[in-house]
Amino acid sequence: MSKLECEVCKILKIDSHLLNGNRNVIHKNTLYKILKGKTLDIYLCTFHDIELFQLGESNFLKQNIEFSKYIHKKFTPKKDRFDDLL
Ligand SMILES: [Zn+2]
């Protein structure tokens, strides 16, 4: 992958450039609550980086629920899924 892109924008099919304009910078972040017992490193655009900072992780995951569901399904074996978060 030569060019980093925001994983939330990608999954939610948001136009990252439109959302951020020329100030778009990709930031590496770590999510602590989305996966049971482990952290997840993700890349976020400026908009989503600020949103994560302002809302906190729990509210950010609720705000971007389709992203949360996608990550949850991707990384959690069926038997370990905890649907109360979503
Ligand atoms: Zn984004």
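Me: What makes a set of residues a nonpolar core?
Reply: The members are buried Ala, Val, Leu, Ile, Met, Phe, Trp, Tyr and Cys residues joined through C-beta atoms within 7 Å. Buried means 20 or more other C-beta atoms within 10 Å of a residue's own; exposed means 12 or fewer, and partly exposed lies in between, with C-beta atoms placed from the backbone. This is a predicted model: local features need pLDDT of at least 70, side-chain atom pairs count only at pLDDT 80 or more, and totals for chains, interfaces and linings use all residues. Residues are numbered from 1 along each chain as its sequence is written.

Me: Which residues make up the largest nonpolar core?
Reply: It has 11 residues in all: Cys6, Val8, Cys9, Ile34, Leu44, Cys45, Leu52, Phe60, Leu61, Phe67 and Ile71. Helix 1 (7–12), helix 4 (57–63) and helix 5 (65–75) each give two or more residues to this core. Helices (H or I, at least four residues) and strands (E, at least two) are DSSP runs, numbered from the N terminus.

Me: Why is lysine 33 called partly exposed?
Reply: Lysine 33 has 14 C-beta neighbours inside 10 Å, so it counts as partly exposed. Lysine 33 is found in strand 1.

Me: What does lysine 33 touch, not counting residues up to four places away in sequence?
Reply: Glu57 and Ser58. Contact means C-beta atoms, placed from the backbone, within 7 Å.

Me: How do you know that strand 1 and strand 2 pair?
Reply: Pairing needs at least two bridges found by DSSP. Strand 1 (residues 27–35) and strand 2 (residues 38–44) have six, in the antiparallel sense. Asparagine 29 stands opposite isoleucine 42 in strand 2.

Technical notes
Contact = placed C-beta atoms within 7 Å.
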